[in-house]
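Visitor: Hi! Could you walk me through this structure?
Guide: Happy to. Let's have it up on screen first.

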Amino acid sequence: MDPMSSCLGFTSAGVPRMLRGGPLVNRQCSNRLIPRHGIVMGARKEKKEDANSGFYKNTVNLPSTNFSQRANAVKTEPEIQKFWADSKTYEKLSSENPREVYSLHDGPPYANGDIHMGHALNKVLKDFINRYQLLQGKKATLIPGWDCHGLPIELKVLQSLKSKERKDLTPSALRKKAKEFALKTIESQKASFQRLGVWASWDTPYLTLNPEYEAAQIEVFGKMFLEGYIYRGKKPVHWSPSSRTALAEAELEYPDEHISRSIYAAFSIVDADKSKNELVKKHSDALSVAVWTTTPWTLPANRAVAVNPAIVYALVELEGRVLIVAKDLVEAVGHKLEKDLVVIGEVTGNDLAGLHYEHPIQDGLKCKILIGGDYITTESGTGLVHTAPGHGQEDYIVGMREGLEIFSPVDNAGRFTDEFCEGSFAGLSVLDEGNQAIIDHVSKRDVLLLEEKYNHKYPYDWRTKKPTIFRATEQWFASVEGFRDQALEAVRGVQWTPEAGEKRIFNMIEGRNDWCISRQRTWGVPIPVFYDGDGEPVLNQQIISRVAELFREHGSDIWWELEAEDLLPEQYRGEGLQKGMDTMDVWFDSGSSWNAVTKQSPEMTFPADVYLEGSDQHRGWFQSSLLTSVATEGQAPYKKVLTHGFVLDQNGLKMSKSVGNVVDPLKLVNGGNNQKTEPAYGADVLRLWVSSVDYSGDVLVGPEIIKTVSDSYRKIRNTLRYIVSNVNDYDPRTGMSFDELPVLDKYMLRRLATIAEDMEAAYETSSFVRLYQGLMRFATVDLSNFYLDIAKDRLYISGTDDYRRRSCQKVLYHLLEILTRSIAPILPHTAEDLWRNVPWKTSSSVFEAGWIQPEPSWSHEDPETDAAMELFRRVRTDVNKCLDAARNAKRIGSGLAAKVSLSVADDAVIEALQKFNPSSGEGNTVDELCYYLLVSEVNLSKDMAVADGAEFSLVGEESGVHVGVDVASGNKCDRCWVYSEQVGKSENHPLLCDR
């Protein structure tokens, strides 16, 4: 047989057989590659080739697969989701998996509007975790939740009604409309989350408006009340005039651009002549205390001026007055007043305590100077603090200690009442004309020293985006102080990721005394309290149990539908009790979910394994859940807390419709009206974006970022497609052992074992950006640029069952098995699509296949070989640079048109490379430099002149090896594209080389 015919058993698609040099010399390739199972075109041997190239293209083993190059996500992803739904894949795995329950408790988003990128980030992160746990064989269930009560929904309903409809609206009718709005929104959000590929128990979510949930919430409230942690009192709270309700800290935001109208004022001391301090007594006729406030409207409620005994105060002269100012602030105050203040003496805070001054607003009212606390500093102001116990937390604490009146002459709408100055200020808004009226009043009374604008952070209602006030009202409070130490100890027992989360929530709880849990709204869970004829609350175990029972059977609407007599236990009827109309803070609603969900559902555990929400929930859901759980159960409701940052646009700016920088997750997935400018990327590209960002801080998204992620997705998909298309005829049951494999394949499997270990570690720690980076590096550097590039020759031109082809397919088989399963939590649609196209499928869904299982033999260390392979990869990088130089000079096209010379002086290096440059006939046709480098000829030498004398040469930056490139001798083989002097010597196959 013509030796050229042996070439017909192999194929070429750009990576053919090359000539190899022997020990330090250049040698021609010999005929060594006879296929084990015959010759593909042997039957047509007698037909001679003509001069036209391409005659042998049908002899190659071309890739074949139904896994398409393009995802066509808009069509394919819904089909795969339907397959999961029809097969009940999630339901089976979450209930039938052999291992223990894994409990990730879903924090309830608010049922108000469409989902945004923050929602998408949150739910997709949770899906990553749960899908991984399912692959690990655990019973991982996500019970999705929604927060359904509260002001935003109530306002949405009211805004949708006409004026007359609002006027005639009863509480029950409002609640019905609010419920309808919430349920409609939930269905819309649910469909959106499902389109993102999020697995959850969508048919059985938990809703804070469900009767069972409301009953569980009443039980939590009742336990806390009976433990003495909940009480009613008049205290200053954050009050929203625009919403007409009290607010919790978590319902506030602090914009940087707020401007207050601050004033410096002088209150005349009326009894300085009675002071024991001679300096004070000496200036009794002209002495005043100087105060500074950013809320002039609170002056009517002033009941004291507080000083710090640790501060030294100066007496300074100012236009006939003697002002008392903190010594350290004299210069700053003088600068503000544009006056040179002359210090005439010093006193202490204790010297001033007990003196009285004339009230700045109310005639005839004398107020006291008293000792405050360490909140009084010399950082700003005057060092003396205007104290209104009805309008400030520190003021309230001092007022209670000193027995001051808790005075707050402001109504629910934020307007002055008629409780002072004979009602002359009544009806004026304290944040607008009322503030101006007070400034004008103190100016007329010669109390005003200076008015100026002051830029600072100020609390705003997060819903209405309008300023709030501190106002003392009768409210229900949870006394955090009563169980604070226990709560702080529980914080220490939780794993916080990132670690800074622990300090953040610890400091918040450590500084918190009370939690105002009552709201003056209709759409919410009522506080189950009754009041007697004197307005005193009546509440006990029997009433709590009765209300919880009614709510469980009828829902909280029953509170508005029945009279107090019908709501009460029988023994309390006929006593004239009235039901309260306050509702609970929505954070108490969601903060009770551990009792309503994780303790009640057999699919969950208490405490939950993990809570995962935005970093703002340290003051929200994380905290309210912790406080209610510690108060009633003595422990945190979670073992681990993960937090993510906010989603900003690609320039790091907050998204805003008015700015036009909002990224709509559904438009990103399904595409917009103009598919050219708003293409449909699909859910998996969005999910890949989630994995690509460091979610521990704020993350960026925008058109350019998504385009980059889309390119990464195509890289992953095309790499996987190449792998699966080249194993279409492979049967893993007939594969060879690890020990039988070539060095290159063993090395690749060791690399695969390492990346598999890294990916598992990334999933275990929820470090998805680490997983993404490792995956992209492996797919690009190890696979596309190295192993798969080299593998083409083996896969295409080898005989179907040849050793060099089947060994490569064994590696591809393991690559496909491990990569498909390991990317499944991140790219579930892609992984499922790929799984149904592998020829050896063992389960209907990739998620039923279980987690990756690298073979133990892959992890056996071979440091000598690994070092040699790493050396070669550095050499290959340097060779490619030299080949590029020849290519740019148009001396060669592909690397196969080149002859490469490597000159090495280092004995150890040349010895390592020589192992991959065997003499003719001695190699395994895999582990050889010409195959590794994708060139036609390799010459290895100790003589530097060999490489340096080539047409193109360089000293390798990566390896230090001298590299030379010349044009290869001989002609191009029409089948494997190698250049060889043997081409043309066969009578029957003149276009082939001797392979």
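**Rings, charges and a buried helix**

Guide: Let's start with Tyr-357, which is buried, as its relative accessible area is 0%. Keep in mind that this is a predicted model.

Visitor: And Phe-267, is that one buried or exposed?
Guide: Phe-267 is buried, again with a relative accessible area of 0%.

Visitor: How are the rings of Phe-267 and Tyr-357 arranged?
Guide: They are stacked, because the planes make an angle of 25 degrees and the centres are 5.4 Å apart. The cut-off for stacking is under 30 degrees. This pair joins distant parts of the chain: Phe-267 belongs to strand E8 (residues 259–268) and Tyr-357 to strand E14 (residues 356–358), 90 residues apart.

Visitor: How many aromatic pairs are there?
Guide: The count is 38 aromatic pairs. One of them is Trp-199 with Phe-847, a tilted pair with 4.8 Å from centre to centre and 55 degrees between the planes. Those two residues are 648 residues apart: Trp-199 is in the loop between helix H6 (171–195) and strand E4 (206–207), while Phe-847 is in the loop between helix H27 (828–835) and helix H28 (863–888). Both Trp-199 and Phe-847 are buried.

Visitor: Which residues do ring pairs link into a cluster?
Guide: That cluster holds Phe-128, Tyr-132, Tyr-695, Tyr-763, Phe-768 and Trp-851.

Visitor: Where does the charged end of Lys-123 sit?
Guide: It is over the ring of Phe-193, 4.6 Å from the ring centre. Arg-804 also lies over a ring face, that of Tyr-931, at 5.0 Å from the centre.

Visitor: Switching topic, what does UniProt place at residues 80–699?
Guide: The unreviewed UniProt entry gives "domain: Aminoacyl-tRNA synthetase class Ia" there. In the model, that span is 34% helix and 21% strand, and its end C-alpha atoms lie 29 Å apart.

Visitor: Why is helix H22 described as largely enclosed?
Guide: Helix H22 (residues 683–692) has 10 of its 10 residues buried, so the rest of the structure largely encloses it. Among the buried residues are Asp-684, Arg-687 and Trp-689.

Visitor: What does Ser-556 touch?
Guide: Leaving out residues up to four places away in sequence, Ser-556 touches Arg-175, Glu-214, Gly-524, Pro-526 and Phe-551. With Arg-175, there is a side-chain polar contact of 2.7 Å.

How values were computed. Residues are numbered from 1 along each chain as its sequence is written. This is a predicted model: local features need pLDDT of at least 70, side-chain atom pairs count only at pLDDT 80 or more; totals for chains, interfaces and linings use all residues. Side-chain values use heavy atoms; hydrogens and water are left out. Rings of Phe, Tyr and Trp (its six-membered ring) pair if their centres lie within 6.5 Å; planes under 30 degrees apart count as stacked, over 60 as edge-to-face and the rest as tilted. Helices (H or I, at least four residues) and strands (E, at least two) are DSSP runs, numbered from the N terminus. Buried means under 20% relative accessible area, exposed over 50%, partly exposed in between (1.4 Å probe, protein chains only). A charge sits over a ring if NZ of Lys or CZ of Arg is within 6 Å of the ring centre and within 35 degrees of the ring normal. UniProt positions are given in the numbering used here, feature names are shortened, and annotations may be inferred rather than shown by experiment. A polar contact is a pair of N or O atoms within 3.5 Å; within protein, one must be able to donate a hydrogen and the other to accept it, and residues adjacent in sequence count only if both atoms are side-chain atoms. Contact means heavy atoms within 4.5 Å.
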